[in-house]
Amino acid sequence: METREAAAGALVSSDGEEQAAKNEAAPQKDPEPPTKSKMEQIFGFKKEDLSSWQSLVTLLSRPTDPASLGIFRCLFGLLMLIDITQERGLSHLDYKYLDGAPVCRFPLFNFLQPLPLDLMYLVYVVMFLGALGIMLGCLYRLSCLMFISTYWYVFFLDKTTWNNHSYLYGLIGFQLTLMDANRYWSLDGLLRPSIRNRHVPLWNYTLLRTQIFFVYFIAGIKKLDADWVEGYSMSYLAHHWLFDPFKVILPVELVSLLVVHGGGLFLDLTAGYLLFFDATRPYAITFVSYFHCMNSQLFSIGMFPFTMLATSPLFCYADWPRRFFSHFPAFLRGVLPLTSPDPQPSPSCVYHEIQSTSAERQETPPVAKSSKLRFKHKLGAIFTIIYIIEQLFLPYSHFITKGYNNWTNGLYGYSWDMMVHSRSHQHVKITYRDAKTGDVGYLNPGVFTQSRRWKDHGDMLKQYATCLKHNLPRYNISDPEIYFDIWVSINERFQQRIFDPRVDIVKADWSPFQPNPWLMPLLVDLSPWRTKFQEIEGSLDNQTEIVFIADFPGLHLENFVSEDLGNTSIHVLQGTVNVEMVEEKRNATLQPGEQTKVPAGAYHKVHTVSEDPSCYMYVYVNTTEAALQENFTKLFELQERIRNGTETEPIPPELQPLIAADDLDTSEVNATDPIVRLFLKRQRRMKEVKKRREAGMLERLERFAVKKYYTIRRGFLMTAIAMRNLAVGLPPLEQLTREVAFANMKEPQADSNQDERLKDEVGHGEL
């Protein structure tokens, strides 16, 4: 590989300078350039470039080809257009911000409130037009401002939707606002030839490359957490069909430990470095592309995998689009990006004083080429350094924002701790007490809100309690006290309380800069029990379920055992508990190794009476489900005998629908026995799931395209309705109802219980 190419791929690549030097030197037919040092060949800069402030500014202002940046700008804008209609929520905006609905919201700052619904649609229109302008490079700077101002407003408006990739989109949008990404393949360049194909300073690439490096590397650092290394964070992923090839040679436990967790850790720690160097970049792009394609199937994370795929070429030589598109037929050159190898000089860059470029010698209007450091060059370098330091600091800034720390540090979404923690909630109880009347009652968990993330974050719980205090007086609860009893398991540990259930959260103190005083500690000393959990679960039959509980001294768990759960018992693993049977008015004190049965259809309380935390487990069988499965098995065997002609006994009238089971819809309607109807309904669902799984690639693509079409269609139609409302006012209610019904139209084959039917895709529901 040539020396220029060897250096061009580094984070601070020298390709722009080399290209300019080549253009300037060509007419003079200068001799070969001097041999570069090993450091310059590998990293793209010399040690002397870091020896002084002036040298560093000159390095970061080095002229660089705008081609790769322009292509990334276009791809990012396109992906944001799709993201706005999906993950940003344009297609279901009316459900989230319906005017007048008593909804509890969770903004970052309490003074932030959503605008009226029609104006929220206008916000999304501005965001959409901004993303479109970024993609086309049209009114570029204005488009970037339109996009990031509305994007960050929507982002800060709802903490419950925060995640790392949504945060990343906002960061990239902010960076692009300050960059010259419209210098290549843009409408601005078409309308203003003076900026078309003009050099960009190296710091434009340095910022984006460093940002993506941090996304990978800091995510890898976060995965050095013991739970990830030991394979507890994402163990369920190993059961996904994507890992079936690995399960041919490895048991599922090793697939989880070595492939899911070990492979994820290795890729995140090394991807940034491997993308950095020429020799390893092809392998890195191959592996990260495979990784992101897998993630697109494993998780519902919108455009994130495709955005990361779009960032990989940023690590390649900045002129790769010119070389790539030069291989296309000549008749396509008019609509494809430029393949000319001569970018124009730019006042944003610092040039060495040599000769004028070939463009200047061809009667092109001269452009000022700066060989001296100006304020804009220093400002670009200062911003680059400050931004990189800030991005290094923020993921570890939780010692400042202590109030947002729970069992994990900070609000999820800006620390690159992706998929390190998985949670399950076994029991959530909200108790209110009217301070004036003394009345006590219970609230449905999630009342007045569409989110579930408040269960894990103290700041959101405080906001939720405050909102409940404001909403409950309309239900004759004049001065409510709110108590939360939330049981959570993190990374397959015991189910335990996360917040103190004795604290009235309405009156509780909370500060973003002070530790949360009503947060219960995570019982990390009990983590070794997870190995024992696997042994216990492995010893049980398929119908027996188990739940592991840990509780603090002086507290008790009040629980109700459903009548469906027969043969429920409590087994003590550690500590001492007192089990109180409320209706039977009897108690049982249990030591480690002891057990007792608890009655179904009744309440009981489990008091921790030992000085140390107690650990116990519920062992139960869903007798109703077991009986149902047994009946299903008998019906299936009978159906098979009927089909094979081996059934000799007469078929009772209530079982006659089994004979015509090939027409499942008709049979289900004709079934009078509820068990038979449920059996036929289950068969119909399984048949549909099998059909979907065995569908060919074209059918899958068609199904995907149709689904996305109706989703995007609804967003656009509802937006049009909102814009009409703003322009000319609300129409009559009947007309508005018809318009919304038309926007809600689904594909012909879809019915109301389609989502319900898809839940039967065993093993893939959560993925």
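How many disulfides does a search of the whole structure find?

1. The search turns up 1 disulfide (a pair of cysteine sulfur atoms within 2.5 Å). This is a predicted model, where local features need pLDDT of at least 70, side-chain atom pairs count only at pLDDT 80 or more, and totals for chains, interfaces and linings use all residues. Residues are numbered from 1 along each chain as its sequence is written, and side-chain values use heavy atoms, leaving out hydrogens and water.

2. The bond runs between Cys-104 and Cys-467, with S to S at 2.0 Å. Its S-S torsion is about -85 degrees, so the disulfide is left-handed. Cys-104 sits in the loop between helix H6 (93-96) and helix H7 (117-136), while Cys-467 is in helix H20 (residues 458-471), 363 residues apart. Helices here are DSSP runs of H or I, at least four residues, and strands are E runs of at least two, numbered from the N terminus.

3. As for burial, buried means under 20% relative accessible area, exposed over 50%, and partly exposed in between (1.4 Å probe, protein chains only). Cys-104 is buried at 3% relative accessibility, and Cys-467 is buried at 14%. Cys-138, at 27%, counts as partly exposed.
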